[in-house]
Amino acid sequence: RREFGKKIPWKTYFLLAFLTVSTMGLSNTSVGYLNYPTQVIFKSCKLVPAMIGGVFIQGKRYGMADVGAMMCMSVGLILFTLADSTVQPQFDNTGVILVCSALCADAVIGNVQERAMKTYNASNTEIVLYSYSIGFIYILVGMVLSGSFWQPFVFCAEYPLHTYGLGIILSLTGYIGLNFVLALIKAFSALLAVTVTTCRKAVTIVLSFVFFTKPFTFQYVWSGLLVLFGISLNVYTKNKPTINRMAGQYLTTIITYSQNISHRQRDKIQTV
């Protein structure tokens, strides 16, 4: 019974639900003020508030290498994605405030989830069940009070296949993706989970070259290399002792092999 009981306090779930609803609502509302490239610029910088949230919420400390890796990945993803777009970024003060607020709420979510899951040893299913159930109540109350409760039902009745059908697919894929994200947060950290979700945009563009015919620009190459450098630097900072030991062993092997070759060549010369 204890295995399936709620482990995380209600106040944490009320906070997570509020932040989840906020980041979705603010992000969707910003669409009316910002075009696609502008949203990409801000969403690619999600690592910045995630790292800041880790410092203030969990008391983590990051070195210069971590900060450098974060900046390389953010700048590289911005350039990599903008290379795929022919539309210039369009800034609007209201839209910028909305999308920045959504990113901050999203960054707080990951860090609060990480701290709660590691403190109370809660499962992914518990997080999803309680936080999204409470979030549903938040949205329901808001729609009833605003008088917009019946409008979605009228729209869905006009286009049942596109709304209910695609909604089911989106729900299933979203649930699977959310469980992967929560597994990353629990096993590693919120910053790593945000890194993976942020880099998925670059993977999407790379796959688009496989399935669709599109022009290629050299900006893909050097911006992609910048992202890879940031990821490599991030991996190195997380596994510094192991990588240094392996690199030392590899260098020792190379030096020993080179010395053996030079000794053999010197012996041959002396023999001649």
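# A tour from the second largest pocket

Helix 6 provides four residues to the lining of the second largest pocket, and this is the largest share. A pocket, on a 1 Å grid over the protein atoms alone, is an open set of points where a 1.4 Å probe fits, with protein on both sides within 12 Å along at least five of seven lines; lining residues have an atom within 4 Å of a point. Helices are DSSP runs (H or I, at least four residues; strands are E, at least two), numbered from the N terminus.

The model is predicted: local features require pLDDT of at least 70, side-chain atom pairs count only at pLDDT 80 or more, and totals for chains, interfaces and linings use all residues. Residues are numbered from 1 along each chain as its sequence is written, and side-chain values use heavy atoms, with hydrogens and water left out.

**Stop 1: the pocket**

Select Phe136, Ile139, Leu140, Met143, Phe149, Pro152 and Phe153, which line the second largest pocket. Helix 6 and helix 7 (151–158) each contribute at least two residues to that lining. The pocket holds about 320 Å³ of space, a volume being the space filled by probe spheres set on grid points joined across faces, edges and corners.

Rings of Phe, Tyr and Trp (its six-membered ring) pair if their centres lie within 6.5 Å; planes under 30 degrees apart are stacked, over 60 edge-to-face, and the rest tilted. Trp150 is exposed at 61% relative accessibility, while Phe153 is partly exposed at 42%. Buried means under 20% relative accessible area, exposed over 50%, and partly exposed in between (1.4 Å probe, protein chains only).

**Stop 2: helix 6**

Colour residues 124–146, which form helix 6. Its 23 residues reach 33 Å from first C-alpha to last, close to the 33 Å expected at 1.5 Å a residue; the expected span is 1.5 Å times one less than the number of residues. Which residues of helix 6 are buried? They are Asn124, Glu126, Ile127, Val128, Ser131, Ile134 and Gly135. Helix 1, helix 5 and helix 8 are among what covers them. Just after helix 6, Gly147 has a positive phi of about 80°.

**Stop 3: an aromatic cluster**

Select Trp10, Tyr13, Phe14 and Tyr130, which make up one aromatic cluster. Within this selection, Trp10 and Tyr130 pair edge-to-face, 5.4 Å centre to centre and 80° between the planes. The pair joins distant parts of the chain, since Trp10 is in helix 1 and Tyr130 in helix 6, 120 residues apart. Trp10 is partly exposed, with a relative accessible area of 44%, and Tyr130 is partly exposed at 22%. The whole structure contains seven aromatic pairs.

**Stop 4: the nonpolar cores**

A nonpolar core is a set of buried Ala, Val, Leu, Ile, Met, Phe, Trp, Tyr and Cys residues joined through side-chain atoms within 4.5 Å. Select Ile8, Tyr13, Leu16, Met117, Ile127, Leu182 and Ile185, which have the most contacts inside the largest core, a set of 18 residues. Helix 1 (10–30), helix 5 (93–120), helix 6 and helix 8 (160–187) each supply at least two residues of this core, and helix 5 gives the largest share, five residues.

Centre on Leu182. Beyond its neighbours within four places in sequence, Leu182 is in contact (heavy atoms within 4.5 Å) with Gln113, Met117, Asn124, Ile127 and Val128. A second, separate core has twelve residues, including Met51, Met70, Leu191 and Cys199.

**Stop 5**

Move to Asn121, in the loop between helix 5 and helix 6. Its phi is near 55°, a positive value in a residue other than glycine.

Then select Thr23 in helix 1. Is Thr23 buried or exposed? Thr23 is buried, with a relative accessible area of 12%. Not counting residues up to four places away in sequence, Thr23 touches Ala102, Ala105, Asp106 and Ile109.

**Last stop: the whole chain**

Zoom out. The protein chain has eleven helices and zero strands. Of its 272 residues, 32% are buried. Among contacts with a separation of 6 or more, 84% join residues 24 or more positions apart.
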